[in-house]
Amino acid sequence: MAFEALKQRQSVMWGNGPYQRVTETIADIHQLVVARLDPKPGDRWLDLACGTGAVSERAARAGAAVVGVDLAPVLVETARERAKELQLKIDYQVGDCERLESVGDATFDKVSSTCGIMFAPDHEATARELARVVGPGGRIGLANWTPDGGLGRMFRMMAPFQPGPPPSSPFDWGREERVRELLGEAFELDIEQHVSTLETADGEEYWQLFSTSYGPTKTLAESLTEERREELHRAWVDFFETDYKEGDHIAHRREYLLILGTKR
């Protein structure tokens with residue numbers, strides 16, 4: 001599938017379901033990214049693939065002037081509603097991290113993305129935009145799932161039910177050598193490995209959360225016949241009950257890279 005066609009599908013897919021329920025399962029990652037970028041009053045902050053606004057909200061509370069961009073209109077609308085309820089001034093926009101048409105060169109002091117830009121299919125284009133919009137001495141903070149970690153394994157479990165492989169692997173952003181290829185010329189990089197663990201009572205509870213609220217899983221399940229959907233359901237539950245059972249519950253260890261960079 002061509003990049004543009006895939007992005008059109010993604011803009012709908014990520015808004016398919018109440019994603020806020022899922023983003024709350026990575027609150028520890030949001031907190032770490034914001035803490036490492038250390039927002040200050042007056043910082044010009046760009047939150048890419050902002051979802052429903054978890055990082056944007058934290059940065060805005062600290063006094064940063066925040067712009068949040070996401071490909072999915074439904075997520076942007078949810079983020080706007082949340083900002084209004086929380087009385088936070090955040091400029092949310094529907095946009096493409098591969099082509100930030102409304103953003104000038106060297107506009108931002110800090111740019112964040114938590115498990116977001118990795119899903120944009122044209123990795124080189126995303127990397128060029130990161131280098132372009134960050135000012136000299138500016139900083140980036142990216143959290144990306146690793147290919148061999150818990151999320152990478154989960155996506156491989158779902159792969160047999162997909163119509164075909166994507167044109168690029170989002171999990172390449174979780175490979176240190178690939179990140180250095182993409183960003184090393186423009187940024188001085190510090191790359192760390194971390195783990196975020198999601199606990200559920202059992203595999204069925206995990207299935208119910210993701211099949212109703214996580215865009216990729218919900219969209220996949222809805223695309224299948226009833227018989228194939230039940231096969232995916234059983235494969236999902238068996239995967240977590242077999243590989244991530246700890247005592248009387250599921251503990252899904254989700255390894256990720258924390259990529260911190262300073263613009264050269």
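User: What makes a residue part of the lining of the largest pocket, and which residues lie nearest its centre?

Analyst: A pocket is found on a 1 Å grid over the protein atoms alone, as an open set of points with protein on both sides within 12 Å along at least five of seven lines; a lining residue has an atom within 4 Å of a point. The largest pocket has 31 lining residues, and Phe 155, Gln 162, Gly 164, Pro 165 and Pro 166 are those nearest its centre. This is a predicted model, in which local features need pLDDT of at least 70 and side-chain atom pairs count only at pLDDT 80 or more, while totals for chains, interfaces and linings use all residues. Residues are numbered from 1 along each chain as its sequence is written, and side-chain values use heavy atoms, with hydrogens and water left out.

User: What is the volume of the largest pocket, and which helices supply at least two residues each to its lining?

Analyst: The volume is about 810 Å³, where a volume is the space filled by probe spheres set on the grid points, joined across faces, edges and corners. Helices α1 (3–13), α7 (150–158) and α10 (215–223) each supply at least two residues of that lining. A helix here is a DSSP run of H or I with at least four residues, a strand is a run of E with at least two, and both are numbered from the N terminus.

User: How do the lining residues of the largest pocket divide by class?

Analyst: There are 19 nonpolar, nine polar and three charged residues. Ala, Val, Leu, Ile, Met, Phe, Trp, Tyr, Cys and Pro count as nonpolar, Asp, Glu, Lys and Arg as charged, and the others, Gly among them, as polar.

User: Why is α7 called mostly covered?

Analyst: Seven of the nine residues of α7 are buried, and buried means under 20% relative accessible area, with exposed over 50% and partly exposed in between (1.4 Å probe, protein chains only). Phe 155 is one of the buried residues of α7. The buried residues of α7 pack against β5 (134–145), α9, α10, α11 (226–243) and β8 (249–263).

User: What makes Lys 218 buried or exposed?

Analyst: Lys 218 lies in helix α10. Its relative accessible area is 15%, so Lys 218 is buried. Lys 218 touches residues including Asn 16, Gly 17 and Phe 210, where contact means heavy atoms within 4.5 Å.

User: How do you know whether Gly 104 is buried or partly exposed?

Analyst: The relative accessible area of Gly 104 is 33%, so Gly 104 is partly exposed. Gly 104 is in the loop between β3 and β4 (108–114) and touches Arg 132 and Val 133.

User: Why are α9 and α10 called roughly perpendicular?

Analyst: Helix α9 (residues 203–213) packs on α10 at about 85 degrees, with the axes 5 Å apart. Axes are lines fitted to C-alpha atoms, for helices over the stretch in contact, and angles run from 0 to 180 degrees between N-to-C directions. Angles under 35 degrees count as roughly parallel, over 145 as roughly antiparallel, 65 to 115 as roughly perpendicular and the rest as oblique. The two helices are therefore roughly perpendicular to each other.

User: What makes α6 oblique to α8?

Analyst: The axes of helix α6 (residues 123–133) and helix α8 (residues 176–183) cross at roughly 55 degrees and come within 9 Å. That angle makes α6 oblique to α8.

Conventions: 1 Å grid on protein atoms, 1.4 Å probe; cavity = no way out; pocket = protein on both sides within 12 Å on 5 of 7 lines; lining within 4 Å. Lists of a residue's contacts leave out its neighbours within four places in sequence.
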